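Please look through the sequence and the 3D structure shown here before reading on.

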Amino acid sequence: MFIDFSVFFVSRYISEVNQNKVRQRANFLCEYCHASEQWQYVPFTVDHVIPLSKGGANVLENLALACFHCNRRKSDKIKAFDEQSSSEIPLFNPRTESWQEHFIWSTDTLSIIGLTPLGRATVTALKLNRARIIDIRAADREIGRHPPANDPIQRHESQPSL
Ligand SMILES: [Zn+2]
């Protein structure tokens with residue numbers, strides 16, 4: 001049986017022009033964990049928000065800048081489990097939802113707190129507060145690279161109201 005693999009390669013291809021548009025639109029931040037690409041050793045990846053395998057299109061409206069770890073964690077997931085509401089919730093979609101609406105930095109700015117079921121499920125599924133990234137945020141905070149300007153920060157250590 002003949003399989004034309006070029007179809008797969010062509011459909012996944014993202015031009016350099018579009019990759020740059022994705023980077024600029026994201027302000028060079030991973031659109032999930034808000035790490036800045038500016039200080040990374042390796043360039044960030046371009047993520048298909050809705051994976052191609054789940055019917056997502058290879059267009060700017062379905063692309064997001066994602067650090068290697070968020071992209072790998074996300075894989076082809078589109079939903080995740082939220083313990084608090086005991087239900088499957090769609091993962092955060094950077095194209096249709098605003099980060100500020102679903103996430104806030106903890107008072108010490110080291111952890112991302114999910115404000116909504118979607119935010120909480122995404123924090124858990126993508127491990128947005130893994131130990132290594134918290135160490136990096138702490139080091140970056142010391143030299144004024146963290147948190148990103150304009151990101152919301154929780155004023156008190158109390159739990160967010162639901
Ligand atoms: Zn990330």
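Which residues does Leu126 touch, not counting residues up to four places away in sequence? Leu126 touches Tyr32, Cys70, Arg73 and Lys74, where two residues are in contact if their C-beta atoms, placed from the backbone, lie within 7 Å.

## About the model

This is a predicted model, in which local features need pLDDT of at least 70 and side-chain atom pairs count only at pLDDT 80 or more, whereas totals for chains, interfaces and linings use all residues. Residues are numbered from 1 along each chain as its sequence is written.

## The overall fold

The chain has 6 helices and 6 strands, and their order along the sequence is α-α-β-β-α-β-β-α-β-β-α-α. Helices (H or I, at least four residues) and strands (E, at least two) are DSSP runs, numbered from the N terminus.

Of the 162 residues in the chain, 26% are buried. A residue is called buried if 20 or more other C-beta atoms lie within 10 Å of its own, exposed if 12 or fewer do, and partly exposed in between, with the C-beta atoms placed from the backbone. Among contacts in the chain between residues at least 6 apart in sequence, 62% join residues that are at least 24 apart.

Helix H5, which spans residues 117-125, is mostly covered, since 8 of its 9 residues are buried. These buried residues are Pro117, Leu118, Gly119, Arg120, Ala121, Thr122, Val123 and Ala125.

Leu126 is found in the loop between H5 and helix H6 (131-142). Leu126 counts as buried because 26 other C-beta atoms lie within 10 Å. The C-alpha atoms of Leu126 and Ser75 are separated by 9.5 Å, although these residues are 51 residues apart along the chain. Just after H5, Lys127 takes a positive phi of about 50 degrees.

A nonpolar core is a set of buried Ala, Val, Leu, Ile, Met, Phe, Trp, Tyr and Cys residues joined through C-beta atoms within 7 Å. The largest nonpolar core has 27 residues, and those that touch the most other members are Cys30, Tyr32, Cys33, Leu65, Ala66, Cys67 and Cys70. The elements that give two or more residues to this core are strand E2 (63-66), E5 and H5. Not counting residues up to four places away in sequence, Ala66 touches Cys30, Glu31, Tyr32, Phe44, Thr45, Asp47, Asn71 and Lys74.

Leu63 has its place in strand E2, and Leu63 is buried because 24 other C-beta atoms lie within 10 Å. Leaving aside neighbours within four places in sequence, Leu63 is in contact with Ile14, Val22, Val46, Asp47, His48 and Val49. The C-alpha atoms of Leu63 and Arg95, which are 32 residues apart along the chain, are separated by 7.8 Å.

Strands E3 and E4 run antiparallel and are joined by 4 bridges, and two strands pair if DSSP finds at least two bridges between them. The bridge partner of Lys79 in E4 is Pro90.

Is Ser86 buried or exposed? Ser86 counts as exposed because it has 8 C-beta neighbours inside 10 Å. Phi of Ser86 is near 45 degrees, which is a positive value in a residue other than glycine.

## Backbone details elsewhere

Asn27 lies in the loop between helix H2 (16-25) and strand E1 (45-48). Phi of Asn27 is near 60 degrees, again a positive value in a residue other than glycine. Asn27 is partly exposed because 15 other C-beta atoms lie within 10 Å.

Helix H6 has 12 residues and reaches 17 Å from its first C-alpha to its last, close to the 16 Å expected at 1.5 Å a residue; the expected span of a helix is 1.5 Å times one less than its number of residues. Just after H6, Gly144 takes a positive phi of about 75 degrees. Pro147 is found in the segment after H6, and a cis peptide bond, with omega about 0 degrees, joins His146 and Pro147.
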